[in-house]
Number of protein chains: 2
Amino acid sequence: MKGFRRQKEQGAPQHAESHKEQADLEKKDAQPADGELSGKSTTVSRRELLKLAGVGGLGLLLGGGVGAVLSAGQRLESMVTEADTQDVVPFYGKHQAGIVTPAQDFICFAAFDLTTSDKEQVRSLFKAWTEASAAMTSGTLIGTDNENLNLPPSDTGEAAGLSPSRTTITFGVGPSFFDGRYGLAGFKPAGFRELPRFQGDALEEQWCGGDIGVQVCANDLQVAFHALRNLARIARGTAVLRWTQEGFQRTAQADPAGSTPRNLLGFKDGTGNPDTSKADEMKRLVWTQSSDGPAWMGNGSYMAVRRVRMRIEVWDRSTLGDQEDTFGRHRSSGAPLGKAKEFDKLDLTATSPEGKPLTPPTSHVALAHGDGSINILRRSYSYSSGLDKQTGQLDAGLLFISYQRDLFKQFVHIQEKLARNDKLNEYIVHKGSAVFACFPGVSQGGYIGDTLL
Amino acid sequence: MKGFRRQKEQGAPQHAESHKEQADLEKKDAQPADGELSGKSTTVSRRELLKLAGVGGLGLLLGGGVGAVLSAGQRLESMVTEADTQDVVPFYGKHQAGIVTPAQDFICFAAFDLTTSDKEQVRSLFKAWTEASAAMTSGTLIGTDNENLNLPPSDTGEAAGLSPSRTTITFGVGPSFFDGRYGLAGFKPAGFRELPRFQGDALEEQWCGGDIGVQVCANDLQVAFHALRNLARIARGTAVLRWTQEGFQRTAQADPAGSTPRNLLGFKDGTGNPDTSKADEMKRLVWTQSSDGPAWMGNGSYMAVRRVRMRIEVWDRSTLGDQEDTFGRHRSSGAPLGKAKEFDKLDLTATSPEGKPLTPPTSHVALAHGDGSINILRRSYSYSSGLDKQTGQLDAGLLFISYQRDLFKQFVHIQEKLARNDKLNEYIVHKGSAVFACFPGVSQGGYIGDTLL
């Protein structure tokens, strides 16, 4: 079956029996990869298709007493093939994948620090990462030394046989990348720097910063881990891991309809996200334009990462009324307070018969929404990292990630309001922070960061 | 759609529109829950069925240009219903679920310490946990206070709307449970104690022991986290978390055929596991018999847990030949050395033309297999817990879990051989250790541990 990880065949195009098929595949996937046509309805349909892709193990089903259902076998077979290719998000494209790509179920995030002062070595690293990323996202083993008994394998192997699982690998560089080690200080985007200290921040060095940020997302945690682990392996001698964080959303099997995921406080998170199917909106909010400067960031995007610990024990003792006033939404439906449905329009001027605002002005949604003119594309994941040794409480919360065209006009503008007044601040604390300038997409034959390096 | 988490209806049977359906459901699931008929082939068929369950969001698919494939709509619909119930592993039964149940994709493991010296409080905790576990495994919200604005919700809500995801929750008590606080010293199974120190052990207090062990497994990490978090919430005032560890295997979407999962060293792990579909074999190897004593452990099992850190950076530098000699299997196929297929019979006497044993006597498989007379049921998960702050390397490895009828005759016997001579010891280090006496299953109306308390 296509799409399942195996050794790349020498000289053969990856994942395709012929150049014709390869071309078809690229055509089919080019638009979603670019992301500008991959809106919510497409997402759901993909999830459904993935389910049908599972029928790939047809023999078993057909032998299992339910064969009659699959009477349209031939057509299903061809659908499986199509669904299979839906399991690949192309690595190459105008924009990096993993930004407007509908969020996969898992993340392995890593910040790296470079240990070299040689720009050539940085370039070599990015070239090696490009080659490995193209292989891993398409579901082939890295390199060709996977059967030679006398060499360390070029792929660590734990994802062998697993589907590509819609893996995306998204690269950016932090402000420290421009500190002069590589003669690139002059290319630093104007005003690009670590985030200001927000009120209430309790940042810990071990969760902050990094010369390079890498976001690996996939619908399988083992596949995502494999990708990050191999990137770290390839970087040895040039870069070291600075911090990492795994995260999750609900899986498609648990939520075939692809509803808005809930955070660990039990509320839907992401309802107000902009529609990634609207190319104009993405251009306005997410993609840095060449005219924004510098030129190398054209079609790139800025990533903000915040590791937000949730005080879930305190939250669990608060009443449902307090919880709903804190978010400004109903817990069960996700609807704005006083409304019935999740996507009902938020009306911050609506009042109760007694004249009180239905949505508290210091609720999370009221402050984050503001007048609605400033928005960001959120792409967050829940995390759970065992116990906090000091308190004996669960170290769990949100790995907040957002993408925006301008860090300060968008993310910082919103976060300053939240940090000052958000009712939610009683229940959360920001422990980690980083920002990365994410490159534009890579063309076939190019490498990550080639517009800068 | 049935099986998706919602408020339990007052007075209505969970998950069924009628008592008839409830009875059918129980009949259907009773055998797999008991586990003695849930062998490998059943597992695979379930995985496939789960995929089809995903088609539940039919409207979207039918409107998506692929409707023709689903012409057998009516029959598919009825299949979806059946598949849906396959998403529940019944909580009540002769044995606890989560032992011979085919391994789900994720685990949240926790060890708790009791903070009370009152046996009545321990009993109350187990009763509350029983009620919550029955709700969570069947996919309903815990309790009935989930819409009252003036109370903290009785369910924390982050799994609302998600399928039960085959959640199992398995409970056991550690040796310290019998230390006299609860007047139960006389009920301690003969010889039940923490494991002896094995050669090479580098145990850290923070990953060891516990009065109570709880293994939560599910096909969704958010669902598993939700279960563990609510058990910890319910325990407040009576027990505190001592240590926790999340873990994963590959998901069904990434491996619809349900192959043997690979560990983070890239090798298939679990090939030699006993066949859980063989009731006699499970009776011999896994289930403690009443005649083994004490009586309260009849139909229970002993769990060994080891947190095994892998030195993946060192491993990644070793040659494929070394790696295969270390495990005694081929990496790609999982076959015994010199054989072609994963399930080909292991022959430790086979030699090369030069007279050398094909499988090194100190390889992992040779030592673990021995003469084949002693076996355990392994149910392990990979873990990845960010960076080791001291070394800057990934803190990743294996949360080894095994079940056996007799801890010392089975697990300790094997582990002593491995600890002394296993070639794999160069690449792993045992950091955590715990053992738990897992109760027999709970009957409707009973509670966890009622045979002891």
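A salt bridge is a side-chain nitrogen of Lys or Arg within 4 Å of a carboxyl oxygen of Asp or Glu. The exercises below apply this and other criteria to a predicted model, in which local features need pLDDT of at least 70, side-chain atom pairs count only at pLDDT 80 or more, and totals for chains, interfaces and linings use all residues. Side-chain values use heavy atoms, with hydrogens and water left out, residues are numbered from 1 along each chain as its sequence is written, and chains are lettered from A in the order in which they are written.

**Exercise 1. Determine how many salt bridges link chain B and chain A, and examine one of them.**

Step 1. The count between the two chains is four salt bridges.

Step 2. Arg236(A) pairs with Asp316(B), with the closest N and O atoms 3.5 Å apart.

Step 3. In general, side chains of opposite charge can pair when their charged atoms come close.

**Exercise 2. Describe the extent and composition of the interface of chain B and chain A.**

Step 1. With contact taken as heavy atoms within 4.5 Å, 86 residues from chain B and 86 residues from chain A take part.

Step 2. The buried area (accessible area, 1.4 Å probe, that two parts lose on being put together, summed over both) is about 7200 Å², and carbon and sulfur atoms give 62% of this area.

Step 3. Polar contacts are pairs of N or O atoms within 3.5 Å; within protein, one must be able to donate a hydrogen and the other to accept it, and residues adjacent in sequence count only if both atoms are side-chain atoms. By this rule, 34 residue pairs are in polar contact across the interface, both residues being at pLDDT 80 or more.

Step 4. On the side of chain B that touches chain A, strand β4 (residues 239–248) of chain B supplies the largest share, six residues. Helices (H or I, at least four residues) and strands (E, at least two) are DSSP runs, numbered from the N terminus.

**Exercise 3. Locate a salt bridge within chain A and state which parts of the chain the pair ties together.**

Step 1. The whole structure holds 36 salt bridges over all chains. One of them joins Arg307(A) and Asp395(A), at 3.2 Å from N to O.

Step 2. Arg307(A) belongs to strand β5 (residues 301–310) and Asp395(A) to strand β8 (residues 394–404) of chain A, so the pair ties together parts that are 88 residues apart in sequence.
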